[in-house]
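Please walk me through this structure step by step.

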Amino acid sequence: MLTEISTQRKTYYEELQDKGYSRRDFLKFCTMIAAYMGLQSSGAAQVAEALKTKPRVPVIWLHFQECTCCSESFIRSSHPIVADIILDKLSLDYTETLMAAAGHQAEEAMQKTMKDHYGEYVLCVEGSVPAGADGVYCMIGGKSSMDILHEAAAGAKAVICWGSCASNGCVQAAKPNPTKATPIHKIIKGKPIIKVPGCPPIGEVMAGVLVHILTFDTLPALDGIGRPKAFYSKRVHDSCYRRPYYDAGMFVETFDDENAKRGYCLYKVGCKGPSTYNACGIIKWNNGTSYPIQSGHGCFGCSEESFWDNGPIYERMVNAGGFGIEQNADKVGMVALGVTAAGIAAHAVATNLRKHKVVDELIAEGKQSEHELKKD
Amino acid sequence: MNSTTVSSKPQLLRRVFVWELPVRYYHWLNAGCILVLIATGLIIGDPPAIMTSKEAHSSYWFGTTRFIHFVAAYIFLFNFLFRIYWGFVGNKYASWKNFIPTNRQYFKDMWNILKSDIFMTKGYNVHTIGHNRLAGFIYFMTFIAFGIQCLTGFGLYSAMSDWWLPNLFSWVPYLLGGDFMVRTIHHWATWFFILFTVVHVYLVFYHDYVEGHGEISSMGGGWKFIEEEIFKRKKKIKNSNL
């Protein structure tokens, strides 16, 4: 049954030819995506071979608590084939945003894919799952997102968490997290899970992850928390074109100063590049046009866990919980230092009052010896 | 001045070798590292505003500051590891037993030190030769703080290094949910070191002043001087670690 379907399904290359792409366009795409994936030059041929011979991988793409910025980012990735290949051709059997079907038809399509391609399809999840109030904060077709996720994940060969919502909860999970928004890896156990964080992630990164799975039939190499190493092993800071200013200690002090105009490092106005792992500095956005730092705004770490709670956006410092607003480590530390100094002064005075007898004895004893030596 | 009546006869003092040479090396190396790490760390956390008309290529002071911080951190780590080792092979004043409470007496002694040196209750003058129990316990806390700084510091550093040693710490950011939290803990913990240093230096002067045993110089020569009668009393209490 499964092999039958596989032979019926067209390969990516066939689909692209139908769509009117030339072989040249196809190879250009393969080369580009292989480079993004960090493959060696022979990798482009491997990608081309895979897309030419392998049938489409069925994909179910679920949307839960999210804003669809991941999908938006994806369909705007630089090469048109990215959107075409993945969205039209990748056999998106179910995705709320882009599927033509609605209502029962759509549900049927999803059920069919889950049944026909059990253990074969890739489950993409955009958004977090609300665990609070039995999941009523996100219901689709009468089912809670929690139930849908469990059902869909059961037969998936891998789960891809698109964006920060699915990877770490993003804004819905920010304090106080009223819906108990939960990232996917905390719900689904025992399945290979790839996190592609970012708000949104870069379109080319998303395409790179998918093409890697198509090409090699394996997951890309992941780091300790499940992000593809090819895109998330370096900090934004490490590939920043303003890095020389950082090393030279030349910083923007305020956004309207001369240093900002000269394009100095945004470290002191809260750039989170030094603690953010992403490929923005290399792949950039909008066909490689720019990225936040290049347009004069610090990175605010959208691909890092709980970045909403790690504010303020325009300061290096972390506000202290329980110390009131606008209290950071250095301010609290300085107060503690003042209190310590006052305590020491009080202790020194008390020592001279309470222990004067002991001290006087020591002094007298020492002076007596001094006196006796003088007599000689 | 000569009319001062002396209540006790001049004491005979006994020289006791307390801090072995490796302990003293450790102490001063550690002190130096901590001061350098605090200074460079605070600069890295909040660099001063320097207005300059130079181009970036002609300056590297911030990179140099970070370099010094990392070098000091390596020395600090190895020095710390050495001290842990010495806690098992050194003399009884260097032993790990001074720092980690293993029995109820430890806490009773700590309470006595509090009464003697902090609340200054009349009649309490606890004199110890090595670390007193309260100090020992606070050093145990500092060792924990050393550990926290090493874990968070090298955890942050691991992403910049290909060497296996810092990469042993690469799990730390994963555990804490990213570099941001690691950086925050690293920064907050710095203030523990600042406060510790201030209190530590004060208390050394305090003990020297009140006890007259040569507390300040002991970390130079390694010895303290105790009254003959205290020496005899200590010798009798054989089980005491003090």
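The buried residues of α1(B) are covered by, among others, α2 (61-89) and α7 (179-211) of chain B. Helices (H or I, at least four residues) and strands (E, at least two) are DSSP runs, numbered from the N terminus. A residue is buried if 20 or more other C-beta atoms lie within 10 Å of its own, exposed if 12 or fewer, and partly exposed in between; these C-beta atoms are placed from the backbone. In α1(B), the buried residues are B:Cys33, B:Ile34, B:Leu37, B:Thr40 and B:Gly41.

How far apart are the end C-alpha atoms of helix α1 (residues 21-45) of chain B? They are 35 Å apart. The helix has 25 residues, so at 1.5 Å a residue it should span 36 Å, which agrees. The expected span is 1.5 Å times one less than the number of residues.

A word on the source. This is a predicted model, in which local features need pLDDT of at least 70, side-chain atom pairs count only at pLDDT 80 or more, and totals for chains, interfaces and linings use all residues. Residues are numbered from 1 along each chain as its sequence is written, while chains are lettered from A and ligands numbered from 1 in the order in which they are written.

Now take chain A. Chain A has 16 helices and 9 strands. Of its 376 residues, 41% are buried. Its mean pLDDT (the predictor's confidence in each residue, from 0 to 100) is 83, and 88% of its residues reach 70 or more. Over residues 1-7 of chain A the pLDDT is below 50, and this stretch has 3 contacts in the model beyond near neighbours in sequence. Two residues are in contact if their C-beta atoms, placed from the backbone, lie within 7 Å. Where pLDDT is low, the predicted coordinates should not be read in detail.

Chain A is divided into domain 1 (2-228) and domain 2 (236-295). These bounds come from an automatic or database domain assignment. Between them, 7 residues of domain 1 are in contact with 8 residues of domain 2. On the domain 1 side, 3 are nonpolar, 2 polar and 2 charged. Here Ala, Val, Leu, Ile, Met, Phe, Trp, Tyr, Cys and Pro count as nonpolar, Asp, Glu, Lys and Arg as charged, and the others, Gly among them, as polar.

Next, look inside. A nonpolar core is a set of buried Ala, Val, Leu, Ile, Met, Phe, Trp, Tyr and Cys residues joined through C-beta atoms within 7 Å. The largest one has 89 residues, and A:Leu123, A:Val125, A:Val159 and A:Cys161 have the most contacts inside it. Helix α10 (residues 203-216) of chain A gives this core its largest share, 7 residues. Both domain 1 and domain 2 of chain A supply at least three residues each.

Finally, the two chains meet. Here 43 residues of chain A are in contact with 44 residues of chain B. On the chain A side, α12 (243-247), α15 (329-354) and α16 (356-375) each give two or more residues. That side divides into 17 nonpolar, 12 polar and 14 charged residues.

Is A:Ala248 buried or exposed? A:Ala248 is buried, because 22 other C-beta atoms lie within 10 Å. Its place is in the loop between α12 and α13 (258-262) of chain A. Leaving out residues up to four places away in sequence, A:Ala248 touches B:Ala56, B:Ser59, B:Tyr60 and B:Phe62.
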